[in-house]
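Let's work through a few exercises together, one step at a time. Keep the sequence and the 3D view open while you read.

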Amino acid sequence: MKIGTTLLTLLFSLCLATAPVAIGAQEGLTFLHCGTILDGAGATMREMTIVVDNDKILRIEKGYLGADAGAEVVDLKQSTVLPGLIDLHVHVEGQSSPGSYLERYTMDPADVALRATLYCRRTLEAGFTTVRDLGGTGVNVSLRNAINNGTITGPRIYTAEKSIASTGGHADPSNGRSRELEFDAGPNAGVINNADEAWKAVRTRYKNGADCIKITATGGVLSVAKDGQGPQFRTEEIAAIVAAAKDYGMHTAAHAHGKEGMERAIRGGITTIEHGTYMDAETMDLMIEHGTIYVPTLLAGAFVAEKAEIPGYFPAVIVPKARAIGPALISTFGEAYRHGVKIAFGTDSGVSAHGENAKEFALMVQAGMKPMEAIMAATSVAAGVLGRGEDLGQIKTGYVADLVAVAGNPLENVRLLESVNFVMKEGVRVK
Ligand SMILES: [Zn+2]
């Protein structure tokens, strides 16, 4: 096998010296002529052809290969081609606005779903072919299914369904209500207060169709509650959630701002720490020791800090949290990066607008990360978090044909990623 492939490669390279090669009329093949390829794993290649067969990358060859009738040729000679981008932290069901706190009382699940079809399309057209949805009401599961079966257009979704919280915690669905409307949410609604309830909450997520588990390990910025930092689980509750999730093949993500809650999550075995605002060098060492991955969501920090200055945009209880946490995130990210914490890309889009996910890249680079590493965080590293390191997030033979292109060189100007001009998902061109 290996010798055959090498011979073929050699043959192609030899023929290329004289004229473009026709590969034979194979129906359904797409030939992408790529000026530059960033493969998502750190390599750069120039003047290459990617041959896509159905939903997979069939071959990657040096030079611009000619194609026979029946095959489509896409000219991306002036572009840089990358793997489809992966955002590990979105909330596809909604988008924050001064009115969003009322929506739970005014919108039915069908309203949420129909509006979210727009968000899904915008996300995909922005080059994000895969997202991890870290918490909604369960409509996110229906959206994933509708995308998978072709009913609507959108990115591949990995969903946590409903986040798991403790009573009064960041993801307690009855927070912020009057006593009359408040209720004692239990494990089915994703609220737990001991290890047994943790198991039930995870099993309920599994039953409802979740792909992964999200917990809110500390308070949060946008919940209608005073405290954004304190721990909201005991370590044994987190360990129970992680153990239950493992039984069902699910990885885990923890929203965390404060140090204590974050460290309990890391010790409990959580896969990714989201936001991580107030981690310090000790926390970073603990993450490295446990192999925990950091998903910074700088865009959410920047967004809420900006909106906090608009009177009335957020409820009053949120404003001081939003002002403080936004800028803190950026400096934490820079420190974590220099400390050697493994970083994967996530934006918390749904706080900021869907389709603007790529704005995160510029923030990462401003804080000190190299553009190539920021791109890897959104491709091969993110795919690894999803357990898809072997077939997603890289431009490599046999990998899923999720591809995007931008005009020019994003290593020189990472903001180019904010305007992708070509998107292919599973071999189908969507832009
Ligand atoms: Zn979030």
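**Exercise 1.** Find how many residue pairs are in polar contact between domain 1 and domain 2, and which elements of domain 1 take part in touching domain 2.

*Solution.* In this predicted model, 8 residue pairs make polar contacts between domain 1 and domain 2, both residues being at pLDDT 80 or more. Next, look at the side of domain 1 that touches domain 2: β4 (72-83) and β13 (422-425) are the elements that give two or more residues to it. Of these, β13 contributes the most, with 3 residues. Finally, sort the residues of that side by type: 14 are nonpolar, 6 polar and 5 charged.

**Exercise 2.** Work out how much area is buried between domain 1 and domain 2.

*Solution.* Start with a general idea: interface size is often given as the accessible area lost when the parts come together. Here about 1800 Å² is buried between domain 1 and domain 2, and carbon and sulfur atoms give 69% of it. Then ask who loses the most in domain 1: Val 414, Leu 417 and Lys 425, which together make up 28% of what that side buries.

**Exercise 3.** Decide whether Arg 205 is buried or exposed.

*Solution.* First locate Arg 205: it sits in helix α5 (residues 195-208). Its relative accessible area is 1%, and the cut-off for buried is under 20%, so Arg 205 is buried. Now check its surroundings: leaving out residues up to four places away in sequence, Arg 205 touches several residues, including Glu 161, Pro 187 and Ile 213.

Key. Residues numbered from 1 in each chain as written. Predicted model: local features only at pLDDT ≥ 70, side-chain atom pairs only at ≥ 80, totals over all residues. Heavy atoms only, no water. Helix = DSSP H or I, 4+ residues; strand = E, 2+ residues; numbered from the N terminus. Buried < 20%, exposed > 50% of the residue type's maximum accessible area, 1.4 Å probe, protein only. Contact = heavy atoms within 4.5 Å. Buried area = accessible area lost by both parts, 1.4 Å probe. Polar contact = N/O pair within 3.5 Å; in protein donor to acceptor, adjacent residues only side chain to side chain. Nonpolar A, V, L, I, M, F, W, Y, C, P; charged D, E, K, R; others polar.
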